[in-house]
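Please read the points below with the structure open beside them.

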Amino acid sequence: MRRIVSVLLENEPGALSRVVGLFSQRGYNIETLNVAPTEDPTLSRLTLTTIGDDKTIEQITKQLNKLVDVVKLVDLTEGSHLERDLMLVKIRTGAEQREEIKRTVDIFRGQIVDVGPEIYIVQLVGTGDKLDSFIAAIGCSEVLEVARSGVAGISRGEKILSA
Amino acid sequence: MEKLSGSEMVVRSLEDEGVEFIFGYPGGAVLHIYDALFKSKKIPHILVRHEQAATHAADGYARATGKPGVVLVTSGPGATNAITGVATAYMDSIPMVVLSGQVATHLIGEDAFQETDMIGVSRPIVKHSFQVRHAEDIPITIKKAFHIASTGRPGPVVIDIPKDLTKPEDLFEYSYPKSVKMRSYSPASRGHLGQIKKASRLLLGAKRPVIYAGGGVILGRSSDLLKELAEYLNFPVTNTLMGLGSFPASSAQFLGMLGMHGFYEANMAMHNSDVILAIGVRFDDRVTNSVDKFCPGAQIIHIDIDPASISKTVTADVPIVGEVRTVLVEILKQLKEETDKNSCSARKGSLDDWWHQIEMWRKENGLWTDRRYPNSDQIMPQQVIECLNRVTGSDAFVTSDVGQHQMFAAQYYRFDKANRWINSGGLGTMGFGLPAAMGVQLAFPNEIVVCVTGEGSIQMNIQELSTCTQYNLPIKIVNLRNNYLGMVRQWQDMQYEGRHAMSTYEDSLPDFTKLVSSYGHVGFEIKELSDLEDIMEEAFSIKDKLVFLDIFVDPAEHVYPMHVAPNGAMNDMWLSKSKRT
């Protein structure tokens, strides 16, 4: 089962490598990884998605909690939550496809953020599934390059992940 | 406030932390620190002959005393040589602080001379690590390192110190912090009361209980409570390899070690139990055999300070996260309340059938009840350990290396006290025994310290014979010499139709007695069984010298019992070369 784990991490050199190292060391997989500072400059927030059964996820969260740099963590998929992935896609557009691509971008509520003679760069925000379906809709032959942020997530309502 | 240089702060912080010994080896990146150490003269420094030995010696010291061992090595090869010892300590949860030198800050990342990314190399085998960025952070970093290494589930901590931060000319205000608080580090202490109550009821209702106790009892200094609990409940107790000594071997309630080379009665009791009280153990694969077949009828209560150890391999029915000491105190309190309430004085009698069954197992195949090894015209390795046990009155500190000799020592030496059996259980590091014995002997100069080894293992750190000369360490080395890598040979006999691939040294072994005498030590060869006890007595009567006993044992002997692995249950064992359960 796919899980989203959000981690508050000391913003210290080497902290990220401990988290990533833990996954390779113990044979867990990382599907996506996203990390950036928070409103508190001493903390980073790291969100990763991983796939595993309940036992594996339990071990992952326990092992993460053991890392001294990890201040707190939450498995967002245990409750109601929001998840977003940001994607920038470079698409080749001949004159005759431009309209069709523009329509598709609108349907997916994306934005064309850069235009060249034969190039569109599209920005799209959503769940991983939505981004995948956009690429499928455009067709692989037209997609030149994809950059995705990885999932960032937050739980709904009053639940707060803080130090 | 007093002003000190970075290197003086390192030394002073270690002094203020109460460090008794530093095990190390100087080199370019740590020369400022060594100079400060030389000038201060407060903490004795033990110069080893290889950095691996520094970590093992610090580890041995830590296992025997319960205090963190301290290591000081230089950058690059000094640091990488120390790695095996760090991994050894990590696997067995041993408190250790390793200070490694690093090239100067401006050189980091430039592939400078003797540069290694020690933080990166050690990352998977440390509890935590620090690279000091500013000299003024040295005292707080050292304080944090000792705090992390010695609290919660202990483990090694590395502090990497770039050379420029230790320059003698740059001075900083020094004060050593009294305590340290870290928002991201707060090990569990008290167990959950509801779970403790549940556990107590389960224990009182058990018909076929076993206490399965491991290294956590020793690390948590709780052998007194383990004994009290076991006696209160009249439960049988088995120990893991790491837990030997946490429960007295002389007690009638002791079943011996369990696991791959565990006692028949211990493995049988586990397999047939209805309640297992697991304390400070981690259901290691060398204990459980096939997890799917592990103790099918048992409900498991698991006490551990590390939540990640619970339900990692075997699911616990009643998990209790907490310090073993506080949890055992609570359990005892609960048990006494429950028994008072229900006045169940019949409690002890209700285990009669179970004890009767255990006695039957002991009688059939017990390791200590009857001679469990074949007659031979050669000395049997088991006889050597039995003799050692007699000569030292079951009261020596025994370190070991890794292999058959380690298992024989674990099976046949009868440890009555905690912190006396010192071996590399988790990592299985050959070369551990001699340097570990140095650390123990330094901590306990008047106690008998024995290193049980084999000619394979001893040669992995044999250079330390020189360190023993320098510091006058009268260790007794018992070498079970069978001219093979014995455990490798055993597996080759059992699983590779006796093809002894590269497990013998042919005629390349040194004359160990001559070798040790060239270092100023004493060596004896023992080839006849009739000489064994006399020469061993003589060796142990030499109080002021290291004595090396090179004892020629039957090379064909195997360690039994042995789990039928990898798909067997706890009760699937080879009991001899021809007999299986």
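1. In this predicted model, Glu10(A) and Arg183(B) form a salt bridge through their side chains, with 2.8 Å from N to O. In total, two salt bridges are counted between chain A and chain B. Polar contacts between these chains come to 10 residue pairs, both residues being at pLDDT 80 or more.

2. Which parts of chain A touch chain B? Helix H1 (15-25), helix H2 (54-66) and strand S4 (70-75) of chain A each give two or more residues to that side. H2(A) supplies the largest share, six residues. By type, the residues on this side of chain A are seven nonpolar, six polar and nine charged.

3. The size of an interface is often stated as the accessible area that is lost when the parts come together. Here chain A and chain B bury about 1700 Å² between them. Carbon and sulfur atoms account for 45% of that area. On the side of chain A, the residues that lose the most area to chain B are Arg18(A), Lys55(A) and Val68(A). Together they make up 37% of what that side buries.

4. How many residues does each chain bring to the contact? Chain A brings 22 residues, and chain B brings 22 residues.

5. Chain A also carries a nonpolar surface patch of about 250 Å², made by Leu16(A), Val20(A), Leu33(A) and Val35(A). H1 and strand S2 (32-37) of chain A each give two or more residues to the patch. Val35(A), for one, lies in strand S2 of chain A.

How values were computed. Residues numbered from 1 in each chain as written. Chains lettered and ligands numbered in written order. Predicted model: local features only at pLDDT ≥ 70, side-chain atom pairs only at ≥ 80, totals over all residues. Heavy atoms only, no water. Contact = heavy atoms within 4.5 Å. Buried area = accessible area lost by both parts, 1.4 Å probe. Salt bridge = Lys/Arg side-chain N within 4 Å of Asp/Glu carboxyl O. Polar contact = N/O pair within 3.5 Å; in protein donor to acceptor, adjacent residues only side chain to side chain. Helix = DSSP H or I, 4+ residues; strand = E, 2+ residues; numbered from the N terminus. Nonpolar A, V, L, I, M, F, W, Y, C, P; charged D, E, K, R; others polar. Patch = residues over 30% accessible without salt bridge, like charges linked within 9 Å, V, L, I, M, F, W, Y side chains within 5 Å. Areas by Shrake-Rupley, 256 points an atom, 1.4 Å probe, with all protein chains shown as cover.
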